[in-house]
Amino acid sequence: MRPRTNRDDYHTLSREQQVNLIRLRTGHNRLNAHMNQKFKLAPSPTCACGQENQTAEHILQRCPLLDEERKEVWPSPTPLQTKLYGSRQELEKTTTFITSAGLIV
């Protein structure tokens, strides 16, 4: 088996950025939906906004409590796929958003 010679943009990020992205991509994270449904450690799977379950998609795309932070990072609508699997620049935006929103994933 030959070693990979080319690396995707995910592999150029810091370890902390990689961990955050993998947790968001897989759904195995510290957001309420996972912590409630899997471990019963959160009282409810619902986001603090009360509109839907606190999942990576909700946080990155729709949570009204994070609208300001989201618009600072992504001034125009950006698909979830791009936020989680895009170029290095897009992946860095995602990790910046998570940090600026004060979320621990």
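A disulfide, as the term is used in this talk, is a pair of cysteine sulfur atoms within 2.5 Å.

Colleagues, the structure before you is a predicted model, in which local features need pLDDT of at least 70, side-chain atom pairs count only at pLDDT 80 or more, and totals for chains, interfaces and linings use all residues. Residues are numbered from 1 along each chain as its sequence is written, and side-chain values use heavy atoms, with hydrogens and water left out.

Let me begin with the cysteines. The count of disulfides is zero.

I turn now to the overall architecture. Helices (H or I, at least four residues) and strands (E, at least two) are taken as DSSP runs and numbered from the N terminus. On that basis the protein has six helices and zero strands, giving the pattern α-α-α-α-α-α along the sequence. Its C-alpha atoms fill a box of roughly 50 × 35 × 20 Å along the principal axes. Of the 105 residues in the protein, 37% are buried. A contact means heavy atoms within 4.5 Å. Among contacts with a separation of 6 or more, 38% are between residues 24 or more positions apart.

Ile 22, found in helix 1 (residues 15-26), is 51 residues from Val 73 in sequence, and their C-alpha atoms are 20 Å apart. Ile 22 has 37% relative accessibility and therefore counts as partly exposed.

Next, the interior. In soluble globular proteins, nonpolar side chains tend to be buried together. A nonpolar core here is a set of buried Ala, Val, Leu, Ile, Met, Phe, Trp, Tyr and Cys residues joined through side-chain atoms within 4.5 Å. Which residues of the largest nonpolar core touch the most other members? In this core of 21 residues, they are Ile 59, Leu 66, Phe 97 and Ile 98. At least two residues of this core come from each of helix 1, helix 3 (56-62) and helix 6 (88-100). Leaving aside residues up to four places away in sequence, Leu 66 touches Ile 59, Phe 97, Ala 101 and Leu 103.

The charged residues follow. A salt bridge is a side-chain nitrogen of Lys or Arg within 4 Å of a carboxyl oxygen of Asp or Glu, and the structure holds five of them. Two lie within helix 6. Glu 92 pairs with Arg 88, with the closest N and O atoms 2.8 Å apart; these two residues are four apart, about one turn of the helix. Glu 92 is partly exposed at 26% relative accessibility, as is Arg 88 at 32%. The side chains of Glu 90 and Lys 93 also meet in a salt bridge, at 3.6 Å from N to O, and this pair is three residues apart in helix 6. Lys 93 is partly exposed at 24%, whereas Glu 90 is buried, with a relative accessible area of 15%. Elsewhere, salt bridges that share partners join Glu 52, Glu 57 and Arg 62 into one network. Arg 62 is partly exposed at 37%, and Glu 57 is partly exposed at 39%.

Finally, consider Lys 83, in helix 5 (residues 80-85). The side chain of Lys 83 does make a polar contact with the side chain of Gln 61, at 2.5 Å. A polar contact is a pair of N or O atoms within 3.5 Å; within protein, one must be able to donate a hydrogen and the other to accept it, and residues adjacent in sequence count only if both atoms are side-chain atoms. Not counting residues up to four places away in sequence, Lys 83 touches several others, including Leu 21, Arg 70, Trp 74 and Glu 90.

How values were computed. Buried < 20%, exposed > 50% of the residue type's maximum accessible area, 1.4 Å probe, protein only.
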